[in-house]
Amino acid sequence: MLKFDIEKSDGLMRAGVIHTPHGDIKTPCFIGAATRAAVKALTMKEMRDLGSQAILANTYHLVLTPGLELIEKAGKLAEFSSWHGPTFTDSGGFQIFSLPDVKITENGAKFKSHINGDKLEMTPESSMQAQWAIGADIHMAFDQLAKSENKRDMEEAMERTHRWLERCKKEHDKLLKEHETEQYLYAVVQGGTFNDLRAKSAEFCKSVDPDGFGIGGVFVADGMDEMLKTVNSILPENKPRHLLGMGQEPIDLFVGAEYGCDTFDCVAPTRMARNGSLYTLDGRINIKNAKYKDDFTPLMPECNCECCKNYSRAYLHHLFKTDEIGAKVLASIHNEYFVVTVVDNIRKSILDGTFSEYKQKFLSRYYNTK
Ligand SMILES: [Zn+2]
């Protein structure tokens, strides 16, 4: 079983440590998006230097390229990418179900590679085998994304996800016996915006007894607090919970932690950075805006990242305007540092009992709601 120690809790909220084969993750924690075993615009050293504790790669993308055989030969994900710390893989379900002509059967999902049009199939079993081959510490169960927000579609996708979860668990247990390494499986709770479905899904996922839980398919922050309250009141307290794909807005990280989520991942902070949309304590700004042309102050004076400590807004503006590679690098360092640090500070505030004050102070300034 994946070892998870809770250091302090308050209601559903908790601070703890997940012990993975590649090292510890102090939670709550923001996990870096390394979709293709790489964080866009950043080296793994830069990720380590900015305080990132773990990365999440995507099974679908890695199966297509460079392929499982090569990653295994390289010594698996952490070694291949030179990350050497804790790693997660997403099952690939989310990407496959977002493809234009995916065909879903009870067996799995048939789709065409977006790279060369090859016809492929991913099943719960093959997703588990792929994730074991990639070798991340924590794997996500293969889940079906609903076709729409319609309740019937949601329920159908959830029920199939549950049947697939049983197959994932069976395959995972088989692979666990065949390997000398320890790798862990998270079930994925579905049910969209319907709290009764979320409750049903949480109950089912709990009954399968995985090592931890992913909470998937959350696209709207509206009502997320109620949903997380429902789900995390059902899930066992002693296993970690990962909120999948949420973290673009700082408020989602506060709400996620407050209602019992331990880890988060989101591609948005680095994606926005590459477009010049940068976090500050007073909200997000677009550095390409003409008003920053001769602004010689740091991007965010209170920030200790390499970008803010060394460069001005005017310089960043210039890099974006001239399309320099360094623009994406410095902007990504800042945005990733910002979200990692916000979640680290949430952890500190849980440990010293000041979460409510920190949340109120941070959010009222960020969203200018004083
Ligand atoms: Zn910064």
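## Structural report: loops, zinc site and fold

Val220 lies in the loop that runs from strand S12 (212-215) to helix H9 (224-234); helices (H or I, at least four residues) and strands (E, at least two) are DSSP runs numbered from the N terminus. The model is predicted, so that local features need pLDDT of at least 70 and side-chain atom pairs pLDDT 80 or more, while totals for chains, interfaces and linings use all residues. Residues are numbered from 1 along each chain as its sequence is written, and side-chain values use heavy atoms, with hydrogens and water left out.

**Surface patch.** Together with Phe94 and Phe219, Val220 makes a nonpolar surface patch of about 280 Å². Patch residues have over 30% relative accessible area and no salt bridge, with nonpolar side chains (Val, Leu, Ile, Met, Phe, Trp, Tyr) joined within 5 Å and like charges within 9 Å. A salt bridge is a side-chain nitrogen of Lys or Arg within 4 Å of a carboxyl oxygen of Asp or Glu. Areas follow the Shrake-Rupley method with a 1.4 Å probe, and for residues only the protein chains shown count as cover. Val220 is partly exposed because its relative accessibility is 41%; buried means under 20%, exposed over 50%, and partly exposed in between.

**Zinc site.** Cys303 (SG), Cys305 (SG), Cys308 (SG) and His334 (ND1) are the protein donors of the zinc ion, at 2.1 to 2.3 Å. Donors are N, O and S atoms within 2.8 Å of the metal (3.2 Å for Na, K and Ca); water is not among the atoms, so sites may look incomplete. The 4 donor atoms form angles of 96 to 117°, and the site is tetrahedral, a class that requires all angles of four donors to lie between 85 and 135 degrees. The donor spacing in sequence is C-x1-C-x2-C-x25-H. Cys303 is buried at 4% relative accessible area, as Cys308 is at 6%.

| Residue | Phi | Loop |
|---|---|---|
| His84 | about 65° | H4 (77-80) to S6 (87-90) |
| Asp209 | about 60° | H8 (195-207) to S12 |

His84 is partly exposed at 47%, and Asp209 at 46%. Cis peptide bonds join Thr27 to Pro28, with omega about -5°, and Thr65 to Pro66, with omega about 10°.

**Overall fold.** The protein chain has 15 helices and 16 strands. Of its 370 residues, 56% count as buried. In helix H6 (residues 124-134), 8 of the 11 residues are buried, among them Met128 and Trp132.

Notes. Buried means under 20% relative accessible area, exposed over 50%, partly exposed in between (1.4 Å probe, protein chains only). Four donors count as tetrahedral if all angles lie between 85 and 135 degrees; four count as square planar and six as octahedral if opposite donors are over 155 degrees apart and all others between 65 and 115; anything else is irregular.
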